[in-house]
2 protein chains.
Amino acid sequence: MATLKDVARLAGVSVKTVSNVVNGYSFVKPDNRARVEAALEATGYRPNLGARNLRRGRTGFIALVLPELSIPYFAELAGLVIAAAQEHEWNVLIEQTFGTLTGERLAMASLGPHLVDAAILSPEALHVDDFQLSIPAVMLGEHAVDVPLSRVGIDNVAASTFAVRHLISLGRKRIAAIGAHPQRSTAALRLEGYRAALAEAGLPFDSSLVVPALNYHRADGAAAMKALLDMRNPPDAVFCFNDLLAVGAMRTAAERFVRVPRDLAIVGFDNNDESAYSSPSLTSVAPDKAAIARAAVDLLRQRADSPDLAMDDVQTPFSLQVRESTVAR
Amino acid sequence: MATLKDVARLAGVSVKTVSNVVNGYSFVKPDNRARVEAALEATGYRPNLGARNLRRGRTGFIALVLPELSIPYFAELAGLVIAAAQEHEWNVLIEQTFGTLTGERLAMASLGPHLVDAAILSPEALHVDDFQLSIPAVMLGEHAVDVPLSRVGIDNVAASTFAVRHLISLGRKRIAAIGAHPQRSTAALRLEGYRAALAEAGLPFDSSLVVPALNYHRADGAAAMKALLDMRNPPDAVFCFNDLLAVGAMRTAAERFVRVPRDLAIVGFDNNDESAYSSPSLTSVAPDKAAIARAAVDLLRQRADSPDLAMDDVQTPFSLQVRESTVAR
DNA sequence: CATCGTTGTTCCAACGATGTAAAGGCCGAG
DNA sequence: CTCGGCCTTTACATCGTTGGAACAACGATG
């Protein structure tokens, strides 16, 4: 592999002049520049990023810490983050935590100024105390109020209210919620939105209709739905805190021959790609994932350039994709 | 951030001695070792990987080149590759090509000895000429016979034969195939397996039952299924070359009120997580993705250590997950 | 007691790039 | 023709780490 030295020798100039050409420094004599460019071409020179970054004091990487790539929402998001980071000459390093506290602690510990320049975090279990980061970072989704970190995400309360309002507008009276979780602030906010919509419509809040989910996987949604259908007075609609829960719920409904949306309307959250293709297709709150990815990377770029910018809170847009799980064809 | 120099000063030894301790060199006096370890602890030293790798002549990264993270199969695989790579002290850099030739060329061009130590490739459009790599690499899935690269994957012919044999054993006579593709060798092999199973059972091969798919997305499966159902004599079973195509096909079947599996049995390929939760759930060929990831990384590790090992072809196991799309509850 | 091998430590040079300071051209003004 | 100033190039140090050689201390051997 050709280095600056090789190119310099071939062009008959010093290493630094080659470096200057490579980095677009203005004051290089035209004929020297030409010779260097020819030599660059001839050797097929490509800078050694490790060395460059060592010298520049940056790594050229950002970390993306997320629970698991096999969760569609995070996979889609990761793809968009990679694309957004590319435009800032950043490579993305993905760390999976599997949603566990130890996994997340491990990931946080591995983050440091010489491994990555900045980090995007999607923690599920971390505490405030764990955020001792020496690099710029941004949280996706929600975090406890007192965590001193910037955040990018949608307005969860508004989005949830919007979703439940949709169910109410269809005439549903007993609307359940799947996905309550003692630790996750996202869950708390979505629950808040759910309650707000009920209150606004004058519908009673029935805590037996709020089902917790430990993980947000399909299996949890299926189990929660079973519990709801076993009730003496089952719901006529469910608001699921993510699409995987909703898919699980739909699966249970199908197994029990409960007709969706006639007997039971279902709304999900995240608008995974797969949700448009299930039968029935799934109505879902659709955050603008590309906007989230872009905003997160932009925010980090600013923080990386001027480290003591104040923390920020970026609200990204969302919409509601209405499909067959609430409105039959 | 603490460097070796800081630790050395604190411990009262030379930088190299600290380096020796960090790297587990045997011959360090116990009391020195103790002092160094205390100093390491006190400073919270963490090696600068960039510098270490610069010195060692490696980068500490492998590239994973794939079409798109939003495709569940690749997302799941990526998660497993990351996990497998971690055990070899490798970080994974994901490059998305979006299945285009230019995307793949771009990714290949960015691969070089100073960016990554090795690469795992899942190309869809690349030609033989494009494989001018100076680092160890392994292909996932299939490649044309004359490509000089190691490969890891399942026996596509056997797996496809197995899947179609399953459909035949259910009494299906007109079995269609969705996913033919002029360029992809995987498609050719799966088609070969399909034909083999038909031949073995004495069923005629009807080329009008073989539907091409340009991409392997859900929409392509839906479109292909529409074409099949529009035939004068539609099939009673479909073998889809991946689960996304199958999901699309199921969606179309539902829209047309074709009952699955009674009127139409469907088999997919890849066994995506979502396939267990659709209604009906999807029978699918299940490659052992963890084995693929592990084998690929192991192979690269060997090649990285001894660069001129011969190319290899690793066959990983697969199974058939029989679900409701072929056998009703 | 000189020699030797073993063990433990240090110093120095590299890996490939870039920032800095300084030196070498060149030009025009005095 | 000297000087100051500007453009252009170079030499050198440096980023944090590790390999290798050199060196020092040690007990064991002849």
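Which residues in α9(B) meet which residues in α10(B)? The views below take up this question and two more contacts. This is a predicted model, in which local features need pLDDT of at least 70 and side-chain atom pairs count only at pLDDT 80 or more, while totals for chains, interfaces and linings use all residues. Residues are numbered from 1 along each chain as its sequence is written, with chains lettered from A and ligands numbered from 1 in the order in which they are written.

**View 1. Helices α9(B) and α10(B) meet**. From α9(B) come B:Arg218, B:Ala219, B:Asp220, B:Gly221, B:Ala222, B:Ala224, B:Met225, B:Lys226 and B:Leu229; they meet B:Leu244, B:Leu245, B:Ala246, B:Val247, B:Gly248, B:Ala249, B:Arg251, B:Thr252 and B:Ala253 in α10(B) (contact: C-beta atoms, placed from the backbone, within 7 Å). By class, this contact has 11 nonpolar, 3 polar and 4 charged residues (Ala, Val, Leu, Ile, Met, Phe, Trp, Tyr, Cys and Pro are nonpolar; Asp, Glu, Lys and Arg charged; the others, Gly among them, polar). Helices are DSSP runs of H or I with at least four residues, and strands are E runs of at least two, numbered from the N terminus.

**View 2. Chain B touches chain A**. Here 38 residues of chain B are in contact with 38 residues of chain A. On the chain B side, α5(B) gives the most, with 6 residues.

**View 3. Residues surround DNA strand C**. Of the 24 residues here, the closest are A:Thr3, A:Ala51, B:Ser14, B:Phe27 and B:Asn32 (near: C-beta atom, placed from the backbone, within 6 Å). Helix α4(A) gives the most to this surface, with 5 residues. The surface divides into 10 nonpolar, 7 polar and 7 charged residues.

Definitions and conventions: Contact = placed C-beta atoms within 7 Å.
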